Amino acid sequence: MKAPERGFLQEVNIKSDLPTVDTAIRRVTWQIHNSRAMGAGAVKLIHGYGSTGRGGRIRTEVRRYLESQKRLGTIRDYICGEDFSIFGEATRSAFARCGALRHDRDLDRSNNGVTIIVF
């Protein structure tokens, strides 16, 4: 099997089995370390929006956690799905680190159920 190209996009569904918030955060932590070690340029987290229609706890807590990881320098940036647009400066900057983001199906779709982590 061919090794993935450096700077590739890793897509991960952290909500598929309806985990607790703590389990979801542990999955994100593991994914950050694993994807970075594999040479990924970005990770697309699928966390869902929440069944209430107001935004779920996993989404909220994952983004809070990513903000802390950004401040610590563990990740370069993160882009909320609703801000993942060719018109956003953070998105254009992320393209330079991970060209595959240019072709992602959620680009310019305002998907609240995903977040992009950029290394």
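**Note on the fold and its buried residues**

1. Gln 10 stands opposite Val 43 in β2. Strand and helix labels follow DSSP runs, counted from the N terminus: a helix is H or I over at least four residues, a strand is E over at least two. The model is predicted, so local features need pLDDT of at least 70 and side-chain atom pairs count only at pLDDT 80 or more, while totals for chains, interfaces and linings use all residues. Residues are numbered from 1 along each chain as its sequence is written, and side-chain values use heavy atoms, with hydrogens and water left out.

2. Four strands form an open sheet in the order β1-β2-β4-β3, with mixed pairing; two strands pair if DSSP finds at least two bridges between them. β1 (9-13) and β3 (77-80) are the edge strands, each pairing on one side only. On average, neighbouring strands are turned by 20 degrees against each other, direction ignored.

3. Val 12 stands opposite Leu 45 in β2. β1 pairs with β2 (residues 42-46) in the parallel sense, over five bridges. Helix α1 (residues 21-38) packs on the sheet and touches β1, β2 and β4 (114-118), its direction making about 160 degrees with that of β1. Helix α3 (residues 89-97) also packs on the sheet, touching β3 and β4, at about 125 degrees to the direction of β3. Contact means heavy atoms within 4.5 Å. Axes are lines fitted to C-alpha atoms, for helices over the stretch in contact, and angles run from 0 to 180 degrees between N-to-C directions.

4. Is β2 covered or open? Five of its five residues are buried. Buried means under 20% relative accessible area, exposed over 50%, and partly exposed in between, using a 1.4 Å probe and protein chains only. In a regular strand, side chains alternate between the two faces of the sheet. Here Ala 42, Lys 44 and Ile 46 point one way, and Val 43 and Leu 45 the other way.

5. In α3, Thr 91, Ala 94 and Phe 95 are buried. Viewed down the helix axis, the buried residues of α3 fall within an arc of 110 degrees, so they line one face; the arc is taken from the directions from the axis to the C-beta atoms. These residues pack against β3 and β4. On the other side of α3, Glu 89 and Ala 96 are exposed.

6. The largest nonpolar core has 20 residues, and those with the most contacts inside it include Ile 14, Leu 45 and Ile 117. Such a core is a set of buried Ala, Val, Leu, Ile, Met, Phe, Trp, Tyr and Cys residues joined through side-chain atoms within 4.5 Å. α1, β2, α2 and β3 each give two or more residues to this core, and α1 gives the most, with five. Apart from this core lies another, of ten residues, among them Ala 42, Ile 79, Phe 95 and Leu 107.

7. Arg 63 belongs to helix α2 (residues 57-72). Its relative accessibility is 9%, so Arg 63 counts as buried. The Arg 63 side chain reaches the backbone oxygen of Asn 112 at 3.5 Å. Not counting residues up to four places away in sequence, Arg 63 touches several residues, including His 47, Tyr 78 and Glu 82.

8. Thr 74 lies in the loop between α2 and β3. At 19% relative accessibility, Thr 74 counts as buried. Leaving aside neighbours within four places in sequence, Thr 74 is in contact with Ile 32, Arg 36 and Gln 69.

Key
A polar contact is a pair of N or O atoms within 3.5 Å; within protein, one must be able to donate a hydrogen and the other to accept it, and residues adjacent in sequence count only if both atoms are side-chain atoms.
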